[in-house]
Amino acid sequence: MADGPVLVLGSTGYVGGRLVPQLLARGHRVRAAGRSVEKIRARSWGDKVEAVRADMHDPESLKQAAEGCCAAFYLVHSMTHPGRDFAEQERDAAYNMVLAAGHANLPRIIYLGGLGEDRADQPLSKHLRSRAEVGRILALGTAKVTTLRAAQIIGSGSSSFELVRYLADRLPFMITPAWVRTRTQPIAIRNVLGYLAGCLENEATAGLTLDIGGPDVMSYTELFRLYAEVADIPRRRLLPLPFVTPRLSSFWVSLITPVPMALSRALIEGLRNEVVCRDNRIRELVPQELLSCREAIRRALEKTEQQAVETCLFDVGSACMPEWASTDDPLYAGGTRFEMGYKARLQGDPDKVWEQVARIGGEQGWYFGDPLWRLRGFIDRLLAGPGMKRGRPHGDAPPRVGDALDFWRVLASDQGRRLLLLAEMRLPGEALLEFRMDARWGNAVDLSMTAKFLPRGLTGILYWYAMYPFHVILFRNIIENISDLAGTTLYEPARRVR
């Protein structure tokens, strides 16, 4: 077992996606687990790990993933799903992990949880209480569990940092909950990774619960002021009011920032709890240079400005093909499904065409009807969906499987052939959008754009027909504008094919 690989659960998430290359650099064999093996393989380190499918709510897949491993990092959470009881989801996942670890005789689990003490006069928020419960459940098994308790993680793309960055950059004056005066002890993502890897390499940390934090303790008000100094923007004014509830705050925060409403609500509810380290043993067990909060913010801003963000909060999301879209069953066997598409034959450089397709979304826009796309995104934000604010989190880099793209998730990105997107906006059903290129002769290529929709009830059917006229206008013009920008010639106007 000591020679076995290290299992990383949540390997394509914010922390896991940065921890894997650190472990590889330290000489560890890594088994990266996730719901989509394709998403794992699309990462820059995907060909250096053993990629396995594991769903936290599928005990058998977890047992297989843990088999033969020397340790496991537990870096998963369920806070980003609106309308679900994330505490129940996390409880179920933790119990499944205990069973899998026992079945595989897994010696160690390293879990990244949250700081905070549950007191009678100040109970923990639902989010922090759930994080603590997961740690207790994991400790019920035979594996020795190391629990690292952290407050806000400061790094480019982290939920805590992005929340502060967008609010401070866009709002010179903020009405906030009174809890912004609560003390916190942020920690740089670099130090989080150092502690995680260090605990794996130090057996003395097995079975311990350890607090991790940076050298600075401050209020959230002071954190906003420090950000303004480092970002070289005017000082932000905060007005704490007792009647501003977490629900109200999360609503307007979701309109100002791209942080999902479900996640922002969980973070804001946690503001009432002081999250300061009470136990500093980790500094002796895993010594490292701790970055100050100022330095952590500076480095995060540099990465953001250089569009060199390795992972971000939007990386969390399923990149699995819906069963209804991948089956070849006849329509009458799978219920109502809708499909509509346009196609055009182009003459020119296929690489130029693909270049335009791969740039779609974000600041580039959707090549036609951008006000309509933004309106749909605004409506989605009101419904607690992601909206269009996520853009392209990884900049102009070619889309990878699992990347967020406005209110879509990339399911497939085959160079010069296909871009397949799964809708993550709030819908009465499930939707896919596909761009496909099929080579013909010479430099002739067929470019198609197809929408597929599985409605949920009568509302979903009505939604499809309500959106149908917009699809007709948008699809035809998007294809023709892509052709123009790629410098190709249209044999004939885009025509409907489905």
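The legends below describe close-up views of a predicted model. Residues are numbered from 1 along each chain as its sequence is written, and side-chain values use heavy atoms, with hydrogens and water left out. Because the model is predicted, local features need pLDDT of at least 70 and side-chain atom pairs count only at pLDDT 80 or more, while totals for chains, interfaces and linings use all residues.

**View 1. Arg 381 in helix H16.** Arg 381 belongs to helix H16, which covers residues 370–382. Helices (H or I, at least four residues) and strands (E, at least two) are DSSP runs, numbered from the N terminus. Arg 381 is buried but forms no salt bridge. Buried means under 20% relative accessible area, exposed means over 50%, and partly exposed lies in between (1.4 Å probe, protein chains only). A salt bridge is a side-chain nitrogen of Lys or Arg within 4 Å of a carboxyl oxygen of Asp or Glu. The nearest side chain of opposite charge is that of Asp 380, 6.5 Å away; Lys and Arg count as positive and Asp and Glu as negative, while His and the chain ends are not counted. The side chain of Arg 381 reaches the backbone oxygen of Gly 385 at 3.4 Å. Leaving out residues up to four places away in sequence, Arg 381 touches residues including Ser 254, Leu 255, Pro 258, Met 261 and Lys 389. Contact means heavy atoms within 4.5 Å.

**View 2. The ring pair of Tyr 74 and Tyr 111.** The structure has 12 aromatic pairs. In one of them, the ring centres of Tyr 74 and Tyr 111 are 5.8 Å apart with the planes at 65°, so the pair is edge-to-face. Rings of Phe, Tyr and Trp (its six-membered ring) pair if their centres lie within 6.5 Å; planes under 30 degrees apart count as stacked, over 60 as edge-to-face and the rest as tilted. Tyr 74 is in strand S4 (residues 71–74) and Tyr 111 in strand S5 (residues 108–114), so the pair ties together parts that are 37 residues apart in sequence. Tyr 74 is buried at a relative accessible area of 2%, and Tyr 111 is buried at 0%.

**View 3. The ring pair of Phe 453 and Tyr 463.** With centres 5.9 Å apart and planes at 40°, the rings of Phe 453 and Tyr 463 form a tilted pair. Phe 453 lies in strand S19 (residues 444–455) and Tyr 463 in helix H17 (residues 457–486), 10 residues apart. Phe 453 is buried, with a relative accessible area of 2%, whereas Tyr 463 is partly exposed at 23%.

**View 4. His 394 and its surroundings.** His 394 sits in the loop between H16 and strand S15 (404–405), and counts as buried at 14% relative accessibility. The side chains of His 394 and Arg 400 are joined by a polar contact of 3.3 Å. A polar contact is a pair of N or O atoms within 3.5 Å; within protein, one must be able to donate a hydrogen and the other to accept it, and residues adjacent in sequence count only if both atoms are side-chain atoms. Beyond its neighbours within four places in sequence, His 394 is in contact with residues including Val 309, Glu 310, Cys 312 and Asp 403. The C-alpha atoms of His 394 and Gln 307 are separated by 6.6 Å, although these residues are 87 residues apart along the chain. Gln 307 is in the loop between helix H12 (293–305) and helix H13 (323–326). Gln 307 is not a glycine, yet its phi is positive, near 50°.

**View 5. The salt bridge of Arg 18 and Glu 310.** A search of the whole structure finds 30 salt bridges. One of them joins the side chains of Arg 18 and Glu 310 at 3.6 Å, N to O. Arg 18 is in helix H1 (residues 16–25) and Glu 310 in the loop between H12 and H13, 292 residues apart. Arg 18 is buried at 7% relative accessible area, while Glu 310 is partly exposed at 40%.

**View 6. Helix H3.** Ser 61, Leu 62, Lys 63, Ala 65 and Ala 66 are buried in helix H3 (residues 59–66). The buried residues of H3 pack against strands S1 (6–9), S2 (30–34) and S3 (50–53) and helix H4 (86–103). Just after H3, Gly 68 has a positive phi of about 80°.
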